[in-house]
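The sequence and the model come first, and the description follows.

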Amino acid sequence: MLIEVLSNHPAVLVREAVVALDEQNRLMAEHDQQVTLLRERRRTARKWWQILRMLSDHQEIRALRVRRPVVDPGLQSALASRQAGMAAEDRAVHELSLLPDTWRLFRGYANRRGEVDILLVGPQGIWAVEVKGRAVLVHVDGERWTFEKFDRYGNRVDQGILQDRRGRSWGRQVEDISHELEKFLASRGLHVPVHPAVAVVNDRAGLGICHDPTVILSIGTDYLLAAIREAPVTLDPAARDRAAALVRRDHVFHSNRRRTRE
């Protein structure tokens, strides 16, 4: 399989979180150094005429201790979450590379409806795959996606809705991107469906109640791979090359638009 990186959004997010944490740690180190220098200066100020400096230093040390920077726990949590997401995507790419060399895998395709982690182009068509790395039990009821999280003793510790920043369910998120790509390809004379899928890649993830899903939901990649292999052949080599070229073109166009708006 040929793997082509269009963008690597998870790695960018991890780098941003690392930079932010490094900056907070730098501020803490500078603060601690200031306190150490003041304490040393106070310790050496033993003469009677230096008493005012000693008192001033003591007050400044107290003020500095009150203002000591702290590492935002939200940043640490965000870094861990982003690292888990990147690891899940890397694992999904590795496992999907079991498909034969007639397939091409794009990482990070984006259009105006968002970005999808993996886009597959091969004999059995085009597949848009959103990868999630959360250790949760996933429930689907049509457009409504929810989760439950359990600790290692089986106690439920969290529950909620599975959605992106726009308020779209995981399924709707990848559906929107898939439909937009499908329309773009059709406008260029290539009429082929884009199959939306969500792969939850985490050894502690599971499938709960799943009713009337609108996309393929795969816990791990085995179910997704089976669905791909069982699908009918719809693209010959020439159509696959054309689809790949159009995917690159569309991604570059929307990436440039985003940079212009920023």
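Predicted model: local features only at pLDDT ≥ 70, side-chain atom pairs only at ≥ 80, totals over all residues.

Strand β3, residues 114–122, is largely enclosed by the rest of the structure, because eight of its nine residues are buried.

With β2 it pairs in the antiparallel sense over seven bridges, and the two strands form a hairpin with two residues between them. Within this pairing, R104 stands opposite V121 of β3. With strand β4, residues 125–132, β3 again pairs in the antiparallel sense, here over five bridges. Two residues form the link in the hairpin that joins β3 to β4, and I118 stands opposite V129 of β4. As a general point, side chains in a regular strand alternate between the two faces of the sheet.

Strand β2 spans residues 104–111 and includes N111. Is N111 buried or exposed? Its relative accessibility is 1%, and because buried means under 20%, N111 counts as buried. The side chain of N111 makes a polar contact with the side chain of Y109 at 3.1 Å. Leaving aside residues up to four places away in sequence, N111 touches I177, E180, L181, D250, H254 and R258.

A second residue, G142, is placed in the loop between β5 (137–141) and β6 (144–150). G142 is also buried, since its relative accessible area of 12% falls under the 20% cut-off.

| Residue | Location | Relative accessible area |
|---|---|---|
| N111 | strand β2 (residues 104–111) | 1% |
| G142 | loop between β5 and β6 | 12% |

For the protein as a whole, there are six helices and ten strands. Of the 262 residues, 42% are buried. Among contacts between residues at least 6 apart in sequence, 65% join residues at least 24 apart. The protein exposes about 15,000 Å², of which carbon and sulfur atoms supply 52%.

Definitions and conventions: Residues numbered from 1 in each chain as written. Heavy atoms only, no water. Helix = DSSP H or I, 4+ residues; strand = E, 2+ residues; numbered from the N terminus. Buried < 20%, exposed > 50% of the residue type's maximum accessible area, 1.4 Å probe, protein only. Contact = heavy atoms within 4.5 Å. Areas by Shrake-Rupley, 256 points an atom, 1.4 Å probe, with all protein chains shown as cover. Polar contact = N/O pair within 3.5 Å; in protein donor to acceptor, adjacent residues only side chain to side chain. Pairing = 2+ DSSP bridges.
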